[in-house]
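Visitor: I would like to learn how to read a pocket and a pair of aromatic rings in a model. Could you take me through an example?

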Amino acid sequence: MTSPRQEGYRTPTIEDYEEHEKRRNQLEDHLSQSHLQMPGGVLSLFSETRSHLSLTKSLEKLLWKERLRHFTWTFFTMTMATGGIANVIHAVPFRFPGIDTIGTIFFLFNLLLFFINVVLISFRFHVFPETFGASLSHPTESLFVPAAVVSFGTVLINISQYGLNNVGPWLNTAVLVLFWIDVALAIIASTGIYLVIWSTQTFTIHQMTPIWIFPAYPLLIIGPYAAILSATLDQPRALDIIIGGFTLQGVGFLVSLTIYAAFIYRLMTQKLPKESTRPGMFVSVGPSAFTAGALINLAINTEKALPADFMGNGPLASMIVRVVASWAALWLWGLAIWFFIVSVGAHWTCVRDGDLNFAMTWYSFIFPNTALVTATFAVGTAFRSNTIQIVGCVMACVLIAAWFFVFGMMIRAIIHKQILWPQKGEDKDEGGFRAADLKGNKVRSYSEGFIPAPITSPV
């Protein structure tokens with residue numbers, strides 16, 4: 001069997017693993033019903049299969065230390081979504097007493113969740129050091145490494161929203177420095193993960209999902225962050241922030257746009273993704289939604305950020321930028337709505353047939369759609385449409401309710417061992433990727449929190 005970095009290696013998918021399990025179960029059923037003399041090789045295979053299944057069924061509980069081996073990068077999607085809700089609440093145009101308090105609660109709760117995530121994933125890599133390298137080369141988990149950077153950026157956005165008016169002026173300087181640090185991290189995470197993927201894995205078009213866009217997400221929140229920050233800074237620094245934010249937002253969107261094309265081609269030739277991976281379709285909403293909101297808000301801030309002699313006439317240049325950005329944002333906002341409708345429609349059969357089991361990718365229901373809501377508010381503000389803003393408020397209420405539902409389902413999944421469990425998370429064995437190979441093909445014991453990889457049938 002070929003491995004990553006070898007010629008001819010094809011990145012395995014979850015379908016490979018499930019098909020292997022199906023064939024193994026069929027083999028066991030066939031052999032258990034047969035009274036014929038079994039050849040030695042088949043008998044050995046049958047005995048190993050029975051032993052593996054027996055051990056799997058007897059595994060009823062693990063210590064928390066062992067369960068935390070499976071604390072993957074995808075848990076940062078939880079903090080992305082929670083911070084996104086705080087961002088939505090801050091953007092609501094119709095304010096009422098207590099709304100800032102609600103937003104602050106979500107912000108502080110997200111800070112706590114982010115701290116817990118950092119501690120637990122650091123614990124995983126410290127106690128099980130081999131899992132760090134594996135997380136960067138795993139065909140699924142590696143795509144979520146940038147979630148940590150996006151979560152960090154979301155925290156910084158919330159600090160700029162809820163902290164600048166309640167803390168001393170020193171915070172203005174601090175968030176400015178942190179902005180450029182976030183820019184550096186976004187570039188490193190985005191380019192780094194794509195380079196690792198392109199160097200170690202080979203994908204086919206039928207495996208494509210919008211999760212491929214995810215490594216570009218750190219770039220996609222730079223624009224919204226720059227829009228919030230530039231509104232509070234003085235003229236020279238605000239202009240630098242606007243230029244940096246506009247540039248990186250464009251890079252992130254254009255990278256995502258190229259992957260959009262592959263996703264549409266995949267849908268045209270291979271139909272919808274498998275039910276278990278369909279929540280990731282909502283990731284396609286984010287790029288155009290984040291960019292639409294960022295364009296409008298950055299353009300609004302140019303009024304005070306541009307010097308009076310900018311391009312000959314600062315006020316006129318600002319007006320032109322606002323007009324162009326507002327109308328361009330309409331296209332992007334419409335594209336986000338289109339992908340949202342397609343993603344919702346794709347889940348109809350999953351809901352109808354009950355084929356949607358919880359995974360941390362359920363937070364894709366939340367975070368990309370927070371961008372759609374804030375973009376809706378921005379479009380309503382740009383075109384002075386109360387109707388659009390009211391629609392945005394309704395969407396915000398639904399989204400907050402969805403966050404409570406997904407968070408509750410996550411707690412339930414932890415209790416029922418649907419996540420933080422061997423072979424149940426994004427670090428599961430997939431085709432040619434086996435956790436057992438991390439230590440020289442030596443299979444770790446069950447007491448160490450690892451279920452051996454499925455054996456390969458010679459049949």
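Predicted model: local features only at pLDDT ≥ 70, side-chain atom pairs only at ≥ 80, totals over all residues.

Visitor: What is the volume of the second largest pocket?

Guide: A pocket here is an open set of points on a 1 Å grid over the protein atoms alone, where a 1.4 Å probe fits, with protein on both sides within 12 Å along at least five of seven lines; lining residues have an atom within 4 Å of a point. The second largest pocket has a volume of about 700 Å³, counted as the space filled by probe spheres set on the points, which are joined across faces, edges and corners.

Visitor: Which residues lie nearest the centre of the second largest pocket?

Guide: They are His90, Ala91, Gln161, Ile228 and Asn297, out of 35 lining residues. Helices are DSSP runs (H or I, at least four residues), numbered from the N terminus. Among those giving two or more residues to the lining are α4 (76–91) and α12 (286–305), and α12 supplies the largest share, eight residues.

Visitor: Is α12 mostly covered or uncovered?

Guide: Buried means under 20% relative accessible area, exposed over 50%, and partly exposed in between (1.4 Å probe, protein chains only). In α12, 16 of the 20 residues are buried. As for α4, 14 of its 16 residues are buried, so α4 is largely enclosed by the rest of the structure.

Visitor: How is a pair of aromatic rings described?

Guide: By the distance of the centres and the angle of the planes. Rings of Phe, Tyr and Trp (its six-membered ring) pair if their centres lie within 6.5 Å; planes under 30 degrees apart count as stacked, over 60 as edge-to-face and the rest as tilted. The whole structure holds 28 aromatic pairs. In one of them, Trp73 and Phe125 have ring centres 5.5 Å apart and planes at 45 degrees, so this pair is tilted. Trp73 is in the loop between α3 (64–67) and α4, and Phe125 in α5 (residues 99–127), so the pair ties together parts 52 residues apart in sequence. Trp73 is buried at 11% relative accessibility, and Phe125 is buried at 15%.

Visitor: Which angle lies between the planes of Trp338 and Phe339?

Guide: That angle is 85 degrees, with 5.1 Å centre to centre, and the pair is edge-to-face. Trp338 is partly exposed at 46%, whereas Phe339 is buried at 4%.

Definitions and conventions. Residues numbered from 1 in each chain as written. Heavy atoms only, no water.
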